[in-house]
Amino acid sequence: VLFSEDGRVSVGAADVGGLDGILVIVDDEALGHNQQLLSQGYTVVKVLGVEEAREVRDTLDRIVSKGVENGLFYSNGYQVRVPDVAIHDSVFSELLVHPLIL
């Protein structure tokens, strides 16, 4: 877990999703994300390349379309909640354990 005290970045241990341990590598990019998170309340971490993002988007579109059609998911016209997304396609279970996401 990355946290900041008086401008100093520290690393602490935490139980994360049943994992026995976690390795945190702190570099300038990670520090920049931490500072943006602290100052703006959010940060965007690039995890996927363009083709990977397209694959995930297309897979999600397929799952949502099929799920709404079969009455498994509800759409309010703007958003659809897909419970337990990882069980619908392995691309999502792989994302959940992607090192940059952890």
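**Salt bridges, core and fold of a predicted model**

R57 is partly exposed, with a relative accessibility of 45%. Here buried means under 20% relative accessible area, exposed over 50%, and partly exposed in between (1.4 Å probe, protein chains only). The side chain of R57 forms a salt bridge with that of D58, at 3.2 Å from N to O. A salt bridge is a side-chain nitrogen of Lys or Arg within 4 Å of a carboxyl oxygen of Asp or Glu. D58 is also partly exposed, at 41% relative accessible area. The structure is a predicted model, in which local features need pLDDT of at least 70, side-chain atom pairs count only at pLDDT 80 or more, and totals for chains, interfaces and linings use all residues. Residues are numbered from 1 along each chain as its sequence is written, and side-chain values use heavy atoms, with hydrogens and water left out.

The protein contains three helices and two strands. Helices (H or I, at least four residues) and strands (E, at least two) are DSSP runs, numbered from the N terminus. Along the sequence the order is β-β-α-α-α. Mean pLDDT is 78 for the protein; pLDDT is the predictor's confidence in each residue, from 0 to 100. A value of 70 or more is reached by 74% of the residues. Confidence is lowest in strand β1 (residues 2–5), where the mean is 52. It is highest in α2, with a mean of 91.

Of the 102 residues, 13% are buried. The accessible surface is about 8,000 Å², computed by the Shrake-Rupley method with a 1.4 Å probe; for residues, only the protein chains shown count as cover. Carbon and sulfur atoms supply 54% of that surface. Among contacts with a separation of 6 or more, 36% join residues 24 or more positions apart. Contact means heavy atoms within 4.5 Å.

The largest nonpolar core comprises eight residues: V56, I63, V64, F73, V82, V91, F92 and L95. Two elements, α2 (50–69) and α3 (90–96), each give two or more residues to this core. Such a core is a set of buried Ala, Val, Leu, Ile, Met, Phe, Trp, Tyr and Cys residues joined through side-chain atoms within 4.5 Å. V56 touches L48, V91, F92 and L95, once neighbours within four places in sequence are set aside. V64 lies in helix α2. With residues up to four places away in sequence left out, V64 contacts F73, V80 and V82. The C-alpha atoms of V64 and V80 are 7.3 Å apart, and the two residues are separated by 16 residues along the chain.

T59 is another residue of helix α2. T59 is buried, at 10% relative accessibility. Its side chain reaches the backbone oxygen of E55 at 2.7 Å. Beyond four places in sequence, T59 is in contact with D89, V91 and F92. V91 and F92 are also contacts of V56.

The model holds three salt bridges. Side chains of opposite charge can pair when their charged atoms come close. Besides the R57 and D58 pair, E51 and R54 meet through their side chains at 2.7 Å, N to O. E51 and R54 are three residues apart in helix α2, so about one helical turn separates them. E51 is exposed, at 57% relative accessibility. R54 is partly exposed, at 40%. In the remaining bridge, D89 pairs with R62, and their closest N and O atoms are 3.1 Å apart. This pair links distant parts of the chain, 27 residues apart: R62 is in helix α2, and D89 is in the loop between α2 and α3. R62 is partly exposed, at 45% relative accessible area.

D84 lies in the loop between α2 and α3. Its phi is near 50°, a positive value in a residue other than glycine. D84 is exposed, at 57% relative accessibility.

H33 belongs to helix α1 (residues 28–40). H33 is buried, with a relative accessibility of 16%. Apart from residues up to four places away in sequence, H33 touches T43, V44 and V45.

How values were computed
A polar contact is a pair of N or O atoms within 3.5 Å; within protein, one must be able to donate a hydrogen and the other to accept it, and residues adjacent in sequence count only if both atoms are side-chain atoms.
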